[in-house]
Each structure stands twice: as C-alpha cells, then as structure tokens.
Amino acid sequence: MNNKAVILGTNYYIGLSTIRCLGVNGVHTVAVDYSYENTYGAESKYCSERVIAPHYRNEKEEFISFLKEYSRKQTAKPVLIPCHDSYVEVVDEYLDELKEFYLIPQTEQGLYTKAMDKELLHKLASEHGVAVPETVRVDEDNFYEKVEETIKYPCLVKPTDSPTFVSIFRKKLFMVHNRQELDEAIKKAKDAKQEVIVQRIIPGFDDHMHTFDAYLNQESKVTHWVTCQKYRQYPINFGASVYTGQKYVPELYEIGSRFLESIGYKGFVEIEFKKDAETGKFYLIELNVRITNLNSLLYKVGVNFPYITYRELTGNPLPPKAIEHDTGIVFWYAYEDFYAIKGYLRTGQLTKGQVVKSLMKPKAYAIWDVKDPKPFVSFAKMIAGKKFKKR
C-alpha cells in the first residue's frame, strides 16, 4: 500500500474513527491539522504521521499549496479524506487542482457544496421526487402569509451554509414560536451575513430521525450501505447524533440510492431523513458529504467506509455489502449524551426508566477503544482542562 491516506481534521472523533478504520488495515495514515492543540484523534496508535498545515480558512491559498507540496514528496498519490464540513468546502472549491495531486472520489466540482447548501439541496431533491419539508425563502413575496398558512408556528429558521452558521452561533438553527421571534432570528442571521430559510417542523420525537449511509463508486452506483435510527441528539431535538442504533429500513435504500445515483454522486454520503409521526412519510433533511459521526458504529456492524473509499480509489475495490438485518448495536458519544439526557428529562420527553433501558444495548463508542486508549485519555485531559478554566 504505497498510497498514504491524508486525513484532514483530527480534533474531533470523526477523524479518530477514520484513522482507526484505515490503520487497522495497514494503511499509512497522515493526520493534518492547523494546530497540535486538542487533536486527540492523532494520538491513536494507528496514526502513522502528523503534520501541521496553514489554517484551511484563514490561510486558504497557503493551505492548498501545502497539500500540493506534501503530495509532490510522495511516491504515490495519497487518498484525501476531509473529516469536517469546513475542510470539505475548501476541497470542493479547489477540487480540479487537488485531483492532480490526490485521489478523491468526487469528480464534479461544486457538487459537495451544492449538497451541503440546504436551499440548493432541497431544490435538487424536489426535482428528483424526494420529499423535503415545506420551505419559504426570506425574500419571497407574501413571506409572512406563507409562514403562517403553510409552515405554521413553531418553525425552523435554518442556514443555507450550515458550517459557517454553526461556527458563529454554536447551534444548527433557530426554533421560533411567533412572528416576533421569527423577525429576531432573521435579524441575527442578517447581522452575521448568513442566508437563512424558514422550514416546517416534521412531527415526531428524535427517534423518528433516520440515516442512510452509503458509498457510491466511480460509476455513481451504491455499492455499500447501512441504515440507522437516532435515539438521542445534542442539542436535543435539532442536534448531532449522540445515541443512534443500526436499524434496517429498506425504504430508505429505495429513496436514497435512487436520488444519489440520479445526481451522479460519488464517494461516501449520509442522508438524514425524518419520518413524519402522523403520515409515516420520510422527508429528506440534509446530506453529510464527509465521514459521519456514526462511523464507529458503521465499522462495528461490518461496513468500513474509509477503507472502502481507500480500496476503490487505489484500484482494488471491496465487494458490495449491505446490512439487511438489525444488529442491535448503538453508537454512543457519552460526553454529549450526558447533557442530552439532562435536557430530555428536564423537558419531559424521556423518563429515567426509558433512558436506563436504552443504555443496555451493545455499543460502538465514539472515542473509547480498549485496544487504542490514548485518544480517550487525551480527550479526558482536554475536557478536564476546559472545566478547570471555566471554574
């Protein structure tokens, strides 16, 4: 295996799980970060090399030049795997240039960004017959009338550019209950130069959220897939997975594969769906176009998406595989799930009995691994340091 795997971003457990999935198969992994601080993913015993690059956003041109120069020094083209949305945006912007130096699954420049943009994604999904929540743009005629008659309160004010919005507000969206709150949310977004849309809330508790995780080869055909069901998110109701189980839902494959193949998608992707509690209909919520939070779960149930990516791009693809039964295994990010549980209990959405019962399931941990404990120790020190500073 002469091709190295260059992993962008190891200050979060997505980068860590990617390194483990590749390193356990003997792949030379390279952790690329803009700082050594808090990069606990690179502490893994499966990390072969660590390098510090210019900041992907503050020094974008220098960052791209750094990646090119690193590739020039290698004996074979490395496989490039961004593990954060912000890295994906930069890679997509310079895709045509970077493909001369790296193996990257996507070939159409701009498709990643289009899939990450909520407004463009929903338009694309609608064009291909995939249900999306009713949405109104802020600049539409009769805006308030449409919100009150079609969307109805409470509703969601969501960014079109999620990574930037999250970096500013530390949340994925604003939930509003009346016109005054709607105006306040829109003003906040406008002041921060963020475009937003207003969207209907699909009824149903957080366990109505599902995912379709898939890999599409260079012919844009789904070769590997898994479906999952969320149980808890943080922040609660509109956050990221903290407790999610593998759950076989064939309907998600039917909807997801048809859509992804029709738009010519290549590489790994996760579609988030919500099942309407009243109608049972699945609505497409968003796409994650980089390795997902649930990666350790997907690996544990038998589908190693980073390695699938690596093998196809280096000319030795793995045979197709899907998990078409329920394994009962759940992904658990215990640190944030602790805060999520507090929120669910406080708001009466879950009982203590329900929480305790749920925790009995076999788990795929976000960070802990008995065979690779150093990242967990590093993460624990980082959290302890932050708590000490607060005090």
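**Exercise 1.** Which residues does tyrosine 13 touch, not counting residues up to four places away in sequence?

*Solution.* Contact means heavy atoms within 4.5 Å. With that cut-off, tyrosine 13 touches Tyr40, Ser241, Asn293, Phe331, Tyr333, Ala366 and Ile367. The model is predicted: local features need pLDDT of at least 70, side-chain atom pairs count only at pLDDT 80 or more, and totals for chains, interfaces and linings use all residues. Residues are numbered from 1 along each chain as its sequence is written, and side-chain values use heavy atoms, with hydrogens and water left out.

**Exercise 2.** How many residues has the largest nonpolar core, and which have the most contacts inside it?

*Solution.* Step one is the criterion: a nonpolar core is a set of buried Ala, Val, Leu, Ile, Met, Phe, Trp, Tyr and Cys residues joined through side-chain atoms within 4.5 Å. Buried means under 20% relative accessible area, exposed over 50%, and partly exposed in between (1.4 Å probe, protein chains only). Step two is the count: the largest core has 49 residues, and Tyr13, Leu22, Val226, Phe305, Tyr333 and Ile367 have the most contacts inside it. Step three is to assign the elements, where helices (H or I, at least four residues) and strands (E, at least two) are DSSP runs numbered from the N terminus. At least two core residues each come from strands E1 (5–8), E4 (79–82) and E10 (222–234) and from helices H1 (13–23), H11 (295–300), H12 (305–313), H13 (334–346) and H15 (374–390). In soluble globular proteins, nonpolar side chains tend to be buried together.

**Exercise 3.** Where does isoleucine 271 lie, and is it buried or exposed?

*Solution.* Isoleucine 271 belongs to strand E12 (residues 267–275). Its relative accessible area is 0%, so isoleucine 271 is buried. Leaving aside neighbours within four places in sequence, isoleucine 271 is in contact with His210, Thr211, Phe212, Gly256, Phe259, Leu260, Leu284, Glu286 and Leu287. Histidine 210 is 61 residues away along the chain, with 8.4 Å between the two C-alpha atoms. For another residue, take glycine 280, in the loop between E12 and strand E13 (282–288). Glycine 280 has 27% relative accessibility and therefore counts as partly exposed.

**Exercise 4.** In what order do the four strands of the parallel open sheet stand?

*Solution.* Two strands pair if DSSP finds at least two bridges between them. The order is E3-E2-E1-E4. Strand E3 (49–52) and E4 are the edge strands, each pairing on one side only. Neighbouring strands of this sheet are turned by 25° against each other on average, direction ignored. Between the parallel strands E1 and E4 there are four bridges, and valine 6 stands opposite leucine 80 in E4. H1 lies across E1, strand E2 (29–33) and E4, at about 170° to E1. Axes here are lines fitted to C-alpha atoms, for helices over the stretch in contact, and angles run from 0 to 180 degrees between N-to-C directions.

**Exercise 5.** Which residues line the largest cavity?

*Solution.* On a 1 Å grid over the protein atoms alone, a cavity is a set of points where a 1.4 Å probe fits but cannot get out, and lining residues have an atom within 4 Å of a point. Grid points are joined across faces, edges and corners, and a volume is the space filled by probe spheres set on the points. There is one cavity of 30 Å³ or more, and the largest cavity holds about 160 Å³ of space. Its lining consists of Leu80, Ile81, Pro82, Pro105, Tyr112, Phe268, Val289, Arg290, Ile291, Pro306 and Thr309. E4 gives the largest share, three residues; E4 and H12 each supply at least two.

**Exercise 6.** Why is E6 largely enclosed by the rest of the structure?

*Solution.* E6 is enclosed because five of its five residues are buried. Cys155, Val157 and Pro159 point one way and Leu156 and Lys158 the other way. In a regular strand the side chains alternate between the two faces of the sheet. E6 sits in an open antiparallel sheet of four strands, ordered E5-E8-E6-E7. Valine 157 stands opposite valine 198 in E8 and has phenylalanine 174 as its bridge partner in E7. Helix H7 (residues 143–151) lies across E5, E6 and E8, at about 30° to E8.

How values were computed: On a 1 Å grid over the protein atoms alone, a cavity is a set of points where a 1.4 Å probe fits but cannot get out, and a pocket is an open set with protein on both sides within 12 Å along at least five of seven lines; lining residues have an atom within 4 Å of a point.
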